[in-house]
Amino acid sequence: MTGPGDLPEAATRRLESGSFSSGLTVPDFGACLQMGLRPVGLVQGFCAMQWSWYGAGSPYMRGTSPYGTSDGGQGAYSQSWRCPHGLVSAEHRAWGQNYEQTWVESAWLQGFGSAYGRLIEEAKEVGAHGIIGVTDTSHNLADMNVTEFHMLGTAVVVEDAPAPPGGDPWSTYLAGQRLAKLIEAGFMPISVIAGIASVRVWAYCMTEYLMEGRVGTYGWGGATSTQEIEQVSEGHLAARALAREHVRRQLGSDMLHGVSITTAEREVGSGDQVLECTLRGTRVRRFKGFDPMPTPRPTVRLS
Amino acid sequence: MSPDSPLPIDVRAEMRSAAAWLADGGAAPNGRAVTSDLTIDEALLLHSIGWEPVELVFGVSVTSVPVGVWTWGRGEIGAASDAHNLAVHTAAERLGRECAKAGGHGVVGVQVSVEVNPHHVDVHLVGTAVRPVEGKKPGQTFVSDLSARDFVLLSNAGWSPLGLSFGASFIYAPRRDAATAIRQSSQNIELTNLTEALYSARESAMERMQASGLAMSAQGVVGVRITEGPMRFARHVIGFTAWGTAVRLVADNHVYLKPDMVLPLDDAVVQFEAQSLRGR
């Protein structure tokens, strides 16, 4: 598959068979019908991406200058640290750098985006207005350096409502009563959104020593007590802030609801790390004014 | 639903009207985008007391622990306790700063992750900055690990969260002498060296947590959570950490919430998630 409009023939035949399939639980299915949403098909999107960390687009090694900011591409995050010890030896890590691995982010987004595009394509094929109860996963395929992106959701038609603009269905991670409450609160789902940030921490001497406890009485650095490992803290903060910024760029002025955040750390050497942060959630837009619900009544269950 | 309207919302009509609005172009609002990790229930609860989410905010700090501190010794391992406290305070301060920068009045539902490693302590805090819908003047920014539900209950009861209170202590369990160890090896007997280390670590950690609450002029700490036991990489060291949200009564008196008693008549229902399709 190379893009939209090329669903396998069998898939098209199955989707046109007249019966529906749904990934909803029975309670969610009931709530869905109650809301006037008619399930029309369990739709999915796949994409298998080869994962070459230092492939095309990567600078392969760390940046060539402690002063430069060009490692991850234009406007990418980069921060550098310089050794406080002076000339020690050729092996001494005289400078360190944190930088955004934009090529990793692009590859991930390509995988996620392709799977999402194919999910939408299947939903359009069955004339859906929206996709609810979306789940997405990404994991390695067998022993290969390949990641599978898989998205799944239930395509629905809103009874007696016009088709969405351009025929593109809206999508949401929510389903059932949670979706009903979202609508009651005056929010309409627009689409599921995900963003990733990948930050490489290339440690300088102090970070290396501090991560191994070799500062103070037993090591370099002159410090005699605990201290913050600034380069690593900054790397973690940058990964999270960048992921948030990446989803913000897709949001416009809408709201990202129910964000789930996943982080991963991979140690690649003494003090060296790859830090990743992924955010996903449902982009929602207010379709009616703010109308606070009545103060809920506290209850105690007798059971 | 307005507070005066007793009629339930016709969700089918609402859905249809939302879909028609979207088909008609669905104009996006003006202003800055909002990010939030609150569930829809939590967002609605916040709305019920006139608050709204503003931004997903983060606070992280990684601090060093000098090599050699976990080997045998006596008393408290001051360097480890200091590293823990420094990491927690720095991360919480950053979280508060991000909240203030985003225009929030406080952070709720903070997920606290603390990992003590042999050579560094990692603290990660994630939460949602919130503010009143009617632009009230912000007081001091608070950070709280209470859920939005707990925040609403606390507010309705006349209390206000002030910040996260933390305390930690790491204590060497004193060695028994050889004769005692041999004598006790065939007995069912309390190992007082370990019990005493637990008590000692507990007292120091709880005292620090309460002291950090008092420093915020708190009257108490609610939702206290603790971890305790030997460190996985140094079994002769007992670690004890405690944290919770420091609170203060801001109303004249505590407001009793008068909950109604309900007796559910339905059977317990097994809940499913879409993820179950994947066999999980």
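Reply: Helices (H or I, at least four residues) and strands (E, at least two) are runs assigned by DSSP, numbered from the N terminus. By that count, chain A has six helices and 10 strands. This is a predicted model: local features need pLDDT of at least 70, side-chain atom pairs count only at pLDDT 80 or more, and totals for chains, interfaces and linings use all residues. Residues are numbered from 1 along each chain as its sequence is written, while chains are lettered from A and ligands numbered from 1 in the order in which they are written.

Me: How many residues of chain A count as buried?

Reply: A residue is buried if 20 or more other C-beta atoms, placed from the backbone, lie within 10 Å of its own, exposed if 12 or fewer, and partly exposed in between. Of the 303 residues of chain A, 47% are buried. In helix H3(A), 17 of the 24 residues are buried, so that helix is mostly covered.

Me: What span should H3(A) have?

Reply: The expected span of a helix is 1.5 Å times one less than its number of residues. For the 24 residues of H3(A), residues 102-125, that gives 34 Å, and the end C-alpha atoms are 34 Å apart, which agrees. After H3(A) comes Gly127(A), with a positive phi near 70°.

Me: How many residues does each chain give to the contact?

Reply: Two residues are in contact if their C-beta atoms, placed from the backbone, lie within 7 Å. Chain A gives 79 residues and chain B gives 68. On the side of chain B that touches chain A, H1(B) supplies the largest share, 11 residues.

Me: Which strand of chain A pairs with E1(B)?

Reply: Two strands pair if DSSP finds at least two bridges between them. Strand E8 of chain A, residues 255-267, pairs with E1(B) in the parallel sense over two bridges. Met255(A) stands opposite Val34(B) in E1(B).

Me: In what order do the strands of the open sheet in chain B stand?

Reply: The order of the three strands is E6-E8-E7, and the pairing is antiparallel. Strands E6 (159-172) and E7 (220-231) of chain B are at the edges with a single partner strand each, so one side of each has no neighbour in the sheet. Between E6(B) and E8(B) there are 13 bridges. The bridge partner of Phe170(B) in E8(B) is Gly239(B).

Me: Which helix lies across E6 and E8 of chain B?

Reply: Axes are lines fitted to C-alpha atoms, for helices over the stretch in contact, and angles run from 0 to 180 degrees between N-to-C directions. Helix H3(B) lies across the two strands, at about 160° to E6(B).
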